[in-house]
Amino acid sequence: MKIPVWLKKIWTAIQKLFNHIPCELQTAVHTGVVITENIKTFVDSPAADIITAIIPGDLDDRIKSLLRSALPAILTQLRLADDCTNFSTPEQLTACAIKTIQSLKGDLKSAFLHNLSVLIAQVASDGKLTWQEAVSFMEWYYQQRFKATKQ
């Protein structure tokens, strides 16, 4: 399928915007994608701390701390942890929510992962990215940079 010219123009405009946003916001978008990809590919791990296992080690300690506290809340608010009411620790709650994500199929799974990436990027940016900005940058970054480096 050939990409329409107008869509290529939109992607180019988003790339120009992305290249001009501050590095800390570019890092926030990257963080949202990486953590979501780690969740997507996470399989029962012997790691004692699931949250540490899915958060990249090269992040600033302040961002790690924000994400450690926000991630379980985000997963709960996305209603991914409804079956996890018996769990009390963030690690147990996150592990349960990941199992729920693994059970989702097709577009529903993609939609949840996309929303999760956006919310994580917002936390990592310390609230400096709006929902609309994060959605646009996240989609462009995932398609044009992240997937390109994985191929």
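A crossing of two helices is left-handed if the near helix is turned anticlockwise from the far one by less than a right angle, and right-handed if clockwise. I wanted that first, for the entry on α4 and α6.

**Ground rules.** I'm looking at a predicted model, where local features need pLDDT of at least 70, side-chain atom pairs count only at pLDDT 80 or more, and totals for chains, interfaces and linings use all residues. Residues are numbered from 1 along each chain as its sequence is written, and side-chain values use heavy atoms, with hydrogens and water left out.

**Whole chain.** I looked up the secondary structure and found seven helices and zero strands. Helices (H or I, at least four residues) and strands (E, at least two) are DSSP runs, numbered from the N terminus. I also noted that 38% of the 151 residues count as buried (under 20% relative accessible area, 1.4 Å probe, protein chains only).

**α4 and α6.** I checked how helix α4 (residues 61-77) packs with helix α6 (residues 106-124): the angle is about 145° and the axes are 9 Å apart. Axes are lines fitted to C-alpha atoms over the stretch in contact, and angles run from 0 to 180 degrees between N-to-C directions. The crossing of α4 past α6 is right-handed. From α4, I63, L66 and L67 are among the residues that meet a set in α6 including L116 and L119; contact means heavy atoms within 4.5 Å.

**V33.** I found V33 in helix α2 (residues 23-41). V33 counts as buried because its relative accessibility is 2%. Beyond its neighbours within four places in sequence, V33 touches S117, M138, Y141, Y142 and F146.

How values were computed: Buried < 20%, exposed > 50% of the residue type's maximum accessible area, 1.4 Å probe, protein only.
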